[in-house]
Amino acid sequence: MLTLSELANTVRRARVVKGHAEVSPEYRGWNFERPPVRPPAYLGLALSDFAYGYCPTGRSLYLKYVAGERPTPTRPLVEGSILHGVLFRAMEDFKKHVYSGSQSVSGLEGVPEEYAAKAQALYRYVLARYMGELHYVRASGLARGRDSAVWHVVPMHVQVPVDGSVLGLSRAVVDAVGLGAVVEFKFGPAPNVDVALAGYAMALEAEYGVPVDLGIAVHVTVDGEVHYRAQAHPLDDAARRRFIEARDEAIDIVESGRDPGTPPKCPRQCPFYPACHADSGG
Ligand code: SF4
């Protein structure tokens, strides 16, 4: 699942096919003290609450931050969260195995029974994929030691915390960072994923002062079998502008306390659906 050769191919292909991301200095995250990167207010909003644009009008922000409504977790959201956790455990267990020879299998601890089949399929697939790649890099002499073996197989730091406060955001956890790209794993629909990736990249730039010009969304499906597809998104001015627009609109909704109302059609899997459509029987 995104081994070094896969990640490098994705980065290289993006550079050839889509070109280098054009990023003007004023859109770098480290310019957080000046507009347009400087936020209109520091409200500590969660990036995932607005960047993906799941709620077409932004009413979810009003409900969560102004009205104090609690989201009702829907099955796809719960499943996505569980599968994310299982993926990270598989990555960690693999690294533990290489560094210490540990055979411990923590993959399914705490996973509710109804999600166990998919969780098990994902965990087994990821470990089998990594073990196969490990044999290859060792047999071909690519890995000189344990650390380089891990880097060839899982060339990413995962669950990287980043302080988004200077951008008006809360503390966030980026799924992964590798080869200078920011990576998000998605187990369901991910509209506007480039906007979210631009936000994460700008938060990383603000905190660590290094440019992050490429985002990679890895779309994973687990349905008996596991399939994944890595899609590259150059994080150019346009993507960054869209992130800033979404952030400023979100801040405006929360700061003003205005209710933007419901759109003509709402996705049934929205965690606020019962709050917005109580009259329709939830
Ligand atoms: S139910 Fe509709 S209006 Fe309410 S938060 Fe969800 S998408 Fe937005």
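Q: How many helices and strands does the chain come to?
A: This is a predicted model, and in it the secondary structure of the chain comes to eight helices and five strands.

Q: Switching to the ligand, which residues are the closest?
A: The ligand is surrounded by 13 residues, and the closest are Cys55, Cys266, Cys270, Phe272 and Cys276. Two elements, α2 (59-66) and α8 (273-276), each give two or more residues to this shell.

Q: Which of them gives the most?
A: That is α2, which contributes three residues to the shell around the ligand.

Q: How do the shell residues divide into nonpolar, polar and charged?
A: The shell around the ligand holds nine nonpolar residues, three polar ones and one charged one.

Q: OK, strand β3 next: is it enclosed or open?
A: Strand β3, residues 181-186, has six of its six residues buried, so it is largely enclosed by the rest of the structure. Ala181, Val183 and Phe185 point one way from β3, while Val182, Glu184 and Lys186 point the other way, and all are buried.

Q: Which way do β2 and β3 run, parallel or antiparallel?
A: Strand β2 (residues 171-178) and β3 run antiparallel and are joined by three bridges, with Ala176 having Val183 as its bridge partner in β3. The hairpin of β2 and β3 has two residues between the strands, and Leu179 takes a positive phi near 50° there.

Q: And in what sense does β3 pair with β4?
A: β3 pairs with strand β4 (residues 214-223) in the parallel sense, over six bridges, and the partner of Glu184 in β4 is Ala217.

Q: Now the largest nonpolar core: which residues touch the most other members?
A: That core has 74 residues, and those touching the most other members are Val182, Val183, Tyr200, Ala201, Leu204 and Val218. Helix α6, residues 193-208, gives the most to this core, with 10 residues.

Q: What does Tyr200 touch?
A: Leaving aside residues up to four places away in sequence, Tyr200 touches Leu47, Ala172, Val174 and Val182.

Q: Last one, how much of the chain counts as buried?
A: Of the 282 residues of the chain, 37% count as buried.

Methods: Residues numbered from 1 in each chain as written. Predicted model: local features only at pLDDT ≥ 70, side-chain atom pairs only at ≥ 80, totals over all residues. Near = placed C-beta within 6 Å. Helix = DSSP H or I, 4+ residues; strand = E, 2+ residues; numbered from the N terminus. Nonpolar A, V, L, I, M, F, W, Y, C, P; charged D, E, K, R; others polar. Core = buried A, V, L, I, M, F, W, Y, C linked by C-beta atoms within 7 Å. Buried ≥ 20, exposed ≤ 12 C-beta atoms within 10 Å, placed from the backbone. Contact = placed C-beta atoms within 7 Å. Pairing = 2+ DSSP bridges.
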